[in-house]
Amino acid sequence: MNQITVNVQNRVGALSDVCELLGSSGINILGITAYGEGDSGSIRVITNDVVTTERILKQNNYPSVTSDIFLVRVKHRPGELGKLTKKIAKANVNIYSIYMLGRENDEGIFAISSDQNEKLKAFLV
């Protein structure tokens, strides 16, 4: 699975602009996280169509980077995410990003990436 990181100016409406652009192009956002720091902002999206998302962003002058992301299910109760991230840290893998996509039954579904994705993948499988 892939996430696309979109670099934007940290301003009112920047997130809305990207979401509306993708939606009007028939792209469904499956997961999203966004933050701003100073003058810059970053939006990470998981969509139903990576290739079209990349093309639409490029055509509209939004710099973006596509990277691998892994989905992991964690029991939805106190301490479980801490246990997972501690195991990853003990394996000497640095987490680049993590965010919750949703919840199904008694599990939280998280998107996670690293600067060592092959090592992370082997650890999660």
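In this predicted model, asparagine 92 is placed in the loop that joins H3 and E6. Its phi is near 60°, a positive value in a residue other than glycine. Asparagine 92 counts as exposed because its relative accessible area is 57%, and the threshold for that class is over 50%.

Asparagine 94 also has its place in a loop, between helix H3 (80–90) and strand E6 (95–104). With 45% relative accessibility, asparagine 94 is partly exposed. Beyond residues up to four places away in sequence, asparagine 94 touches Ser113, Ser114, Asp115 and Gln116. The C-alpha atoms of asparagine 94 and aspartate 115 lie 6.5 Å apart, although 21 residues separate the two in sequence.

Asparagine 105 is found in the loop between E6 and strand E7 (107–114). Its phi, about 55°, is positive although the residue is not a glycine.

| Residue | Relative accessible area | Class |
|---|---|---|
| Asparagine 92 | 57% | exposed |
| Asparagine 94 | 45% | partly exposed |
| Asparagine 105 | 68% | exposed |

The interior is described next. In soluble globular proteins, nonpolar side chains tend to be buried together. Here the largest nonpolar core comprises 14 residues, and Val6, Val8, Val18, Leu57 and Tyr62 have the most contacts inside it. Two or more residues of this core come from each of strand E1 (2–9), helix H1 (14–24), strand E3 (40–47) and helix H2 (50–59). H1 supplies the largest share, four residues. Apart from neighbours within four places in sequence, valine 8 contacts Ala14, Val18, Asp39, Ser40, Gly41, Ser42, Ile43 and Tyr62. A second, separate core has nine residues, among them Leu84, Val93, Ile112 and Leu120.

Technical notes: Residues are numbered from 1 along each chain as its sequence is written. This is a predicted model: local features need pLDDT of at least 70, side-chain atom pairs count only at pLDDT 80 or more; totals for chains, interfaces and linings use all residues. Side-chain values use heavy atoms; hydrogens and water are left out. A nonpolar core is a set of buried Ala, Val, Leu, Ile, Met, Phe, Trp, Tyr and Cys residues joined through side-chain atoms within 4.5 Å. Buried means under 20% relative accessible area, exposed over 50%, partly exposed in between (1.4 Å probe, protein chains only). Contact means heavy atoms within 4.5 Å.
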